[in-house]
Amino acid sequence: MNFFKSFHNDISAIVTKLSSEGKLPEGMDPSRLTCEPPRDASHGDVATNAAMVLCKQAKMKPRDLADILAEEIKNIDHVVSVDVAGPGFINIKLATEFWHARLRDVLAAGTNWGDSDMGSGQSINVEYVSANPTGPMHVGHGRGAVVGDALALLLSKAGFNVTKEYYINDAGAQVDVLARSAYLRYREAFGETIEIPEGLYPGDYLVGVGKQLKEKFGDQWLNADESEWLAEIRQFSIDAMMGLIRNDLAALGVQHDVFSSERELVENDMVGKAIKYLEDRDLVYTGVLEPPKGKKPDDWEPRPQLLFKATDFGDDVDRPLKKSDGSNTYFANDIAYHFDKFSRGADQMIDIFGADHGGYVKRMKAAVKAMSEGKGDLDIKLAQMVNLMENGEPVKMSKRAGTFVTLRDVIDKVGKDVVRFIMLTRKSDAQLEFDFAKVVEQSKDNPVFYVQYAHARCYSVFRKSAEEMPSVSMDIENLNSADLSLLDDESELALMRLMAEWPRLVEAAAESHEPHRITYFLYDLASEFHSLWNKGTGNVQLRFLHSDNEALTKSRLALLKAVSLVIASGLNTLGVEPREELR
């Protein structure tokens with residue numbers, strides 16, 4: 001239950017009622033008004049800008065309209081006071097019983113608390129990782145993997161029908177480089193001393209591929225011309241690298257529903273079909289582009305190219321679809337790929353790109369708008385770099401990869417849950433510092449520990465209760481019958497208010513495609529819980545277990561159970577396992 005949405009509906013109904021009574025003009029449209037938590041919690045529980053948004057339609061001063069609306073809002077169930085502030089903001093305070101009712105809602109829903117029908121089963125395609133199949137993934141790929149996977153989980157919780165997709169870039173020059181690198185390792189497997197020339201992949205991860213090639217093909221390629229072995233070894237190497245990538249993703253808890261091949265798109269002439277689709281709609285032409293910024297005239301050779309009318313759809317310049325040798329550009333292949341996704345029913349698409357692809361955003365959005373005739377929607381999220389540190393010092397490169405630290409190195413060192421949570425502690429387009437020492441320390445400064453510790457602390461009380469007060473059943477039905485009126489301390493109410501906000505947070509994060517909001521929420525919830533715990537250290541009455549007061553114990557256990565359920569709901573949405581015990 002998103003109770004802010006309920007208040008939006010209640011206030012909209014009030015506007016309609018006042019219009020029907022002639023106190024406001026007819027035809028008022030309240031759809032743009034918002035109901036949200038006040039910036040300052042002391043102002044109340046719900047704030048609405050209804051008067052500010054509707055004053056022009058009402059032809060009234062915002063403050064005067066706010067006074068009229070406030071008188072009606074007072075009649076909504078559980079509203080105890082309504083105040084008009086500033087130029088016309090309306091602040092609403094709710095009765096304690098309202099928060100007790102939300103606590104019962106949490107207990108009844110369990111970890112499904114926060115589930116929403118906002119998506120109404122709409123299909124949405126989330127494409128992420130899509131690392132070139134030329135070696136193990138580095139930690140930057142890992143950030144994109146976590147952002148995409150958590151976003152897919154979040155959208156599913158918000159009611160969307162999500163397809164998680166990986167696009168295999170297996171048609172470019174980089175996979176030919178992979179094949180040549182693997183071929184050298186193949187020769188090495190026969191005892192030949194090799195040198196890896198500049199431009200090929202030097203990592204030790206191809207040593208095993210060379211041995212596998214020897215086992216499969218024997219010496220048949222040793223003295224063969226490249227034209228004879230390139231295609232065979234290329235596909236073998238791509239399959240080996242995708243196996244490596246899938247294993248690394250599995251270690252991170254990531255599983256895709258669909259793997260699409262760029263090579264298959266090209267071989268099935270999907271690129272030609274996409275270009276023809278644009279040609280039939282007069283969206284391409286042959287023209288000459290202006291020289292790129294920073295190019296001197298003698299560095300630039302103007303030539304006719306087949307161009308897509310990207311500027312008609314919001315891009316800065318029109319974009320080439322063909323190279324000088326007549327082959328397709330990468331952009332043309334990407335248009336075909338998104339055309340294929342749209343044809344498969346993905347009218348809503350989200351791509352997770354590395355930050356180095358920022359210049360690609362406008363052209364891809366323009367392409368999707370054009371080839372879907374405005375029916376498709378593409379959102380592109382950029383995943384910025386991750387700076388790996390150890391006690392403040394940069395981490396050295398991996399010997400296995402040759403040029404970078406592998407994602408698997410990081411997972412093996414700190415565990416998938418730590419990697420996933422920390423990768424979401426910043427907005428995806430902000431750089432992230434990942435310090436191995438800090439992400440495993442047990443302190444408030446380590447957000448993943450702080451949240452997991454709150455969940456584990458709840459379970460420590462449950463275990464102690466089972467030992468000392470076994471008569472108090474932890475069965476949800478029993479806890480939901482607790483006398484929640486006994487929970488009246490401000491710290492307890494603060495926890496209930498925050499837990500009640502989780503459904504709104506799910507919808508807002510899903511709508512904005514920002515899964516990092518979940519980690520912020522969980523940290524705030526953990527902070528409120530630890531604050532209550534600490535208060536109980538000094539105030540016996542606020543402790544959770546009271547051997548002489550079973551009713552109070554039962555109500556406190558109900559509160560703790562709700563906290564554990566909401567934390568678990570949030571962690572599950574991040575793909576992180578809630579811990580019942582920390583060691």
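Reader: Which residues in H4 meet which residues in H17?

Author: A word on the source: this is a predicted model. To read a helix pair, list the residues on each side of the contact. From H4 come Thr96, Trp99, His100, Arg102 and Leu103. Their partners in H17 are Leu493, Met496, Arg497, Met499 and Ala500. Of the residues in this contact, six are nonpolar, two polar and two charged.

Reader: At what angle do H4 and H17 pack?

Author: Look at the two axes. H4 spans residues 96–109 and H17 spans residues 490–500. Their angle is about 60°, and the axes lie 9 Å apart. Roughly perpendicular begins at 65 degrees. H4 and H17 are therefore oblique to each other.

Reader: Is the crossing of H4 and H17 left-handed or right-handed?

Author: Left-handed.

Reader: What share of the 583 residues in the protein is buried?

Author: The buried share is 52%. Accessible surface totals about 26900 Å², with 47% of that on carbon and sulfur atoms.

Reader: How many helices and strands does the protein have?

Author: It has 20 helices and 15 strands. The C-alpha trace spans about 85 × 65 × 40 Å along its principal axes. For contacts, check sequence separation. Among those between residues at least 6 apart in sequence, 72% join residues at least 24 apart.

Methods
Residues numbered from 1 in each chain as written. Predicted model: local features only at pLDDT ≥ 70, side-chain atom pairs only at ≥ 80, totals over all residues. Heavy atoms only, no water. Axes fitted to C-alpha atoms, helices over the stretch in contact; angles between N-to-C directions. Helix = DSSP H or I, 4+ residues; strand = E, 2+ residues; numbered from the N terminus. Parallel < 35°, antiparallel > 145°, perpendicular 65-115°, else oblique. Left-handed = near helix turned anticlockwise from the far one by under 90°. Contact = heavy atoms within 4.5 Å. Nonpolar A, V, L, I, M, F, W, Y, C, P; charged D, E, K, R; others polar. Buried < 20%, exposed > 50% of the residue type's maximum accessible area, 1.4 Å probe, protein only. Areas by Shrake-Rupley, 256 points an atom, 1.4 Å probe, with all protein chains shown as cover.
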